[in-house]
Amino acid sequence: MGNGRGQVAVEAALAVPVVVMLGLGIVQLGLVQQARLLAQYAAFAAARAGVVWGARNARMHDAAMLVLLPLLGRADSWEAVAASWPSVQREELKLPARLGGLIRVDVVSPKVEGGQEPVDFDAPYSHAEGASFARFTQPLGDEADQEALRAATLLTVRVRYLHELVVPLANWAVFTGWLASHPANAEAEALQRLAREEHRYFLPLPATYTLRMQSSARQP
């Protein structure tokens, strides 16, 4: 009987840590999946705000942040939203500048002439003399011009949300797995440094959405 009890104790000592890690990992991955779904809806909200407000980045950022606010603070009432909003903004400022905050919104398209950079909607006058808007301020011509105009009315927005992993042990395991499966870049290096120095683990969750605008990018 004594040997049997000793065997059970040894087996339990070996199995319990594995079971605990699996359980924590399942909880952490469930939270990541919830955040991923909200990030996808945030991309839609940002694109919708871009359509309504002329693709202004500040408006799109606020729309995405409002969707993601339940992951960052209380949002069960408008009073709670008003209280959580400033704290989330302060939290964004604490992160390294190269990360672009917890929530980053980028305009993927339409592109400027040549297809290298997105149109800068926040500073339309800077393109007033360039060829970026010239095509869209002329009367419709051949099929190529019409196709270019149709493409110019498609607004594609990418939202990148930095989701903080909060489950002990599982946060390190999930972050390490993500880091190993992604190529090294400036963002990954900044996140790795943040994990090493502050023991905070963030997982970037990107989402993209496309909507058609009322009109193309035009000179004011």
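The model is predicted, so local features need pLDDT of at least 70 and side-chain atom pairs count only at pLDDT 80 or more, while totals for chains, interfaces and linings use all residues. Residues are numbered from 1 along each chain as its sequence is written, and side-chain values use heavy atoms, with hydrogens and water left out.

Helices (H or I, at least four residues) and strands (E, at least two) are DSSP runs, numbered from the N terminus. The 13 residues of α6 should span 18 Å at 1.5 Å a residue, and the end C-alpha atoms are 18 Å apart, which agrees. The expected span is 1.5 Å times one less than the number of residues. Glu187, Ala188, Ala190, Leu191, Leu194 and Ala195 of α6 are buried, where buried means under 20% relative accessible area, exposed over 50%, and partly exposed in between (1.4 Å probe, protein chains only). Seen down the axis of α6, the buried residues fall within an arc of 165°, so they line one face of the helix. The arc is that of the directions from the helix axis to the C-beta atoms. The face turned away from this buried side carries the exposed residues Arg196 and Glu197. Alanine 186, also in α6, is partly exposed, with a relative accessible area of 46%. Histidine 199 follows α6 and has a positive phi, near 55°.

Strands β1, β2 and β3 form, in that order, an open sheet with antiparallel pairing; two strands pair if DSSP finds at least two bridges between them. β1 (103–109) and β3 (201–212) stand at the edges with a single partner strand each, so one side of each lacks a neighbour in the sheet. The twist averages 20° from one strand to the next. Six bridges join β1 to β2 (residues 154–165), and arginine 104 stands opposite arginine 160 in β2.

Helix α6 (residues 186–198) packs on this sheet, touching β1, β2 and β3, and its direction makes about 145° with that of β3. Contact means heavy atoms within 4.5 Å; axes are lines fitted to C-alpha atoms, for helices over the stretch in contact, and angles run from 0 to 180 degrees between N-to-C directions. The cover over the buried residues of α6 includes β1, β2, α5 (170–181) and β3.
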